[in-house]
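Welcome! Please take a moment to look over the sequence and the model, and then we will go through some features together.

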Amino acid sequence: MNARFNDPYRAQRELLSGSKFFAALPPALLNELAEASRLLELPVNQTLYEAGDPIREAHLLFNGSVKRSTTIPGGATKIIELVQSEQLLSLGELFGATHYASTCCCITQTLLVAIDIRKLREATENHHELGVRIIAALARRQCAIEFDVTSHHYGLTGTQRLLDYLLESAGEKANLAGETTVVLKASKKVIAARIGMTPESFSRNLRELSDNGVLVVDGRKVHIQNAALLDTVGGDNRQRLNFCRKRKGNALDAETPLSAGALVNMCGRLRVLSQRMAIAWCMIVSAIAPHKALVKLNQQEKEFERNLARLEKLELAAEFAEKLVLIKALWPRYQYLMHGDQLSVQKIEDVFELSEKLLQATDALTGHAADLGELPAAHYVNMAGRNRMLSQRIGKFFLFREWPSLDEKIAVLTPPSCLEFDSNLKALGKTANIPPEVAAQLRVVASQWQKFIHTLCPDLSHAARTQHARQVIAEGERLLRSVDTTVKLFERLTK
């Protein structure tokens with residue numbers, strides 16, 4: 001036991017033996033590398049090495065994130081690479097130079113193992129398996145550089161470059177459905193500089209990807225929707241969605257006309273937002289992550305108004321306009337209740353009742369939009385959108401049932417909503433000729449729906465009310481993302 005704790009290289013040995021570069025190598029080789037290494041734990045903004053420094057050690061990153069940069073003619077700084085997963089830093093320089101040409105700085109707290117470069121080079125020359133791994137890593141880096149250069153010079157848009165960057169950061173190949181989450185550890189400014197765009201362009205491109213249903217942004221977390229990456233519109237379920245630059249002369253002054261599915265989805269977004277705003281408000285007054293809920297409430301109000309303004313500009317039938325007028329009449333009152341200072345039982349009941357009235361009005365508008373499309377696919381968009389709304393309405397019921405005056409009413413409303421979700425999900429699953437990614441996404445929704453229902457039911461693991469509410473909200477958000485992707489996929493089938 002004493003020998004174990006007196007081993008000065010124990011930490012390095014354990015890290016190296018579990019790494020993708022050195023795992024399963026001969027124990028004697030691992031011991032040699034461990035004994036020629038040191039453990040580094042560096043704070044934020046610490047410089048690891050600077051351009052011009054002699055290369056004496058190879059740095060293997062285990063935790064945290066770093067940025068590599070260089071100075072280009074004129075004095076500007078160019079970010080070469082952002083690294084936030086296990087990687088040998090500056091691999092090309094380690095085996096092709098004697099001095100660093102780049103500067104490496106920590107973006108977050110980092111954990112690294114620094115290995116004597118002479119020992120690593122010697123091991124790479126003498127051990128075939130390690131040499132193969134180093135060559136494979138160099139080849140991957142070379143491919144990334146080539147495609148990065150190509151994207152800048154041969155017409156890929158900023159949106160496409162951003163998507164490629166996020167997919168590269170995600171690492172492993174995405175599944176057919178579900179989501180892949182990327183955590184942006186660097187600032188927006190730093191990532192934008194790495195991709196070769198301004199922070200404003202970064203935000204605009206992120207919005208375009210969100211509007212296309214490709215991803216959902218939640219703070220620093222970006223949830224890539226795997227099924228939405230495929231080009232369902234083009235009829236090729238093997239081809240990834242492309243965001244190509246429009247040819248000059250093809251730009252139109254007017255917006256591209258909405259497809260039947262896009263119109264239904266836009267109307268349906270008003271429907272689901274009516275419920276999401278009620279949830280955010282209830283979280284604020286219940287002191288459940290109130291600051292985060294207030295940010296979401298403000299974002300949802302702005303989105304509601306944007307969609308409302310877009311719908312007002314459409315030249316549609318008189319009956320559609322009449323339904324829109326009813327929503328516009330309810331909206332100011334709803335906004336006023338959301339931001340009033342006085343909290344009372346009466347106000348809680350008013351918010352709940354008005355959220356139900358706004359739901360009825362937006363649902364009528366969405367149903368009419370589906371009828372205008374005169375396509376079965378438009379009704380599937382509406383059905384999927386109903387489930388998107390129901391995922392939030394049921395969450396709203398859960399939060400508002402804490403007030404005794406609403407408990408009896410909510411007890412009556414909840415079971416039919418759950419039954420409708422199940423019924424809609426089964427009906428969508430029986431839709432003829434749907435692409436494989438849509439079918440796979442429906443299975444993801446079914447699985448997430450069961451998790452959500454299970455979380456709603458209180459048991460010993462949900463003893464604390466606030467903790468239980470947070471779990472329900474978190475599962476509801478996951479369910480919403482998966483259902484929202486389904487809506488977008490069915491929308492594409494109407495084009």
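A salt bridge here is a side-chain nitrogen of Lys or Arg within 4 Å of a carboxyl oxygen of Asp or Glu. With that rule, a search of the whole structure turns up 27 salt bridges. Please keep in mind that this is a predicted model, in which local features need pLDDT of at least 70, side-chain atom pairs count only at pLDDT 80 or more, and totals for chains, interfaces and linings use all residues. Residues are numbered from 1 along each chain as its sequence is written, and side-chain values use heavy atoms, with hydrogens and water left out.

**Salt bridges**

- Asp7 and Arg13 form a salt bridge, and their closest N and O atoms are 2.6 Å apart.
- Asp7 has a relative accessible area of 26% and is partly exposed; Arg13, with 22%, is partly exposed too. (Buried means under 20% relative accessible area, exposed means over 50%, and partly exposed lies in between, using a 1.4 Å probe and protein chains only.)
- Glu57 forms a salt bridge with Arg38, with 2.7 Å between the closest N and O atoms.
- This pair links distant parts of the chain, 19 residues apart: Glu57 is in strand β3 (residues 57-63) and Arg38 is in strand β1 (residues 37-42). (Helices, H or I with at least four residues, and strands, E with at least two, are DSSP runs numbered from the N terminus.)
- Is Glu57 buried or exposed? Glu57 counts as buried because its relative accessibility is 18%, while Arg38, at 40%, counts as partly exposed.
- Arg118 forms a salt bridge with Asp116, and here the closest N and O atoms are 3.3 Å apart.
- Arg118 is exposed, with a relative accessible area of 65%.

**Strand β11 and its neighbours**

- Strand β11 (residues 221-225) is largely enclosed by the rest of the structure, because 4 of its 5 residues are buried.
- Strand β9 (residues 179-183) pairs with β11 in the antiparallel sense over 5 bridges. (Two strands pair if DSSP finds at least two bridges between them.)
- In this pairing, Glu179 stands opposite Gln225 in β11.
- Strand β10 (residues 215-218) also runs antiparallel to β11, and 4 bridges join them.
- Asp218 stands opposite Lys221 in β11.
- β10 and β11 form a hairpin with 2 residues between them, and Gly219 in the turn has a positive phi of about 65 degrees.
- In a regular strand the side chains alternate between the two faces of the sheet.

**Surface patches**

- Patches are made of residues with over 30% relative accessible area and no salt bridge; like charges are joined within 9 Å, and nonpolar side chains (Val, Leu, Ile, Met, Phe, Trp, Tyr) within 5 Å.
- Which residues form a negative surface patch? Glu32, Glu35, Glu122 and Glu125 do. (Lys and Arg count as positive and Asp and Glu as negative, while His and the chain ends are not counted; the place of a charge is NZ of Lys, CZ of Arg, CG of Asp or CD of Glu.)
- α3 (27-35) and α5 (117-126) each supply at least two residues of the negative patch.
- Glu35 sits in helix α3 and counts as partly exposed at 49% relative accessibility.
- Leu258, Leu314, Leu316 and Leu372 form a nonpolar patch on the surface, with about 260 Å² of accessible area together. (Accessible areas come from the Shrake-Rupley method with a 1.4 Å probe, and for residues only the protein chains shown count as cover.)
- Leu372 lies in helix α13 (residues 345-373) and is partly exposed, with a relative accessible area of 33%.
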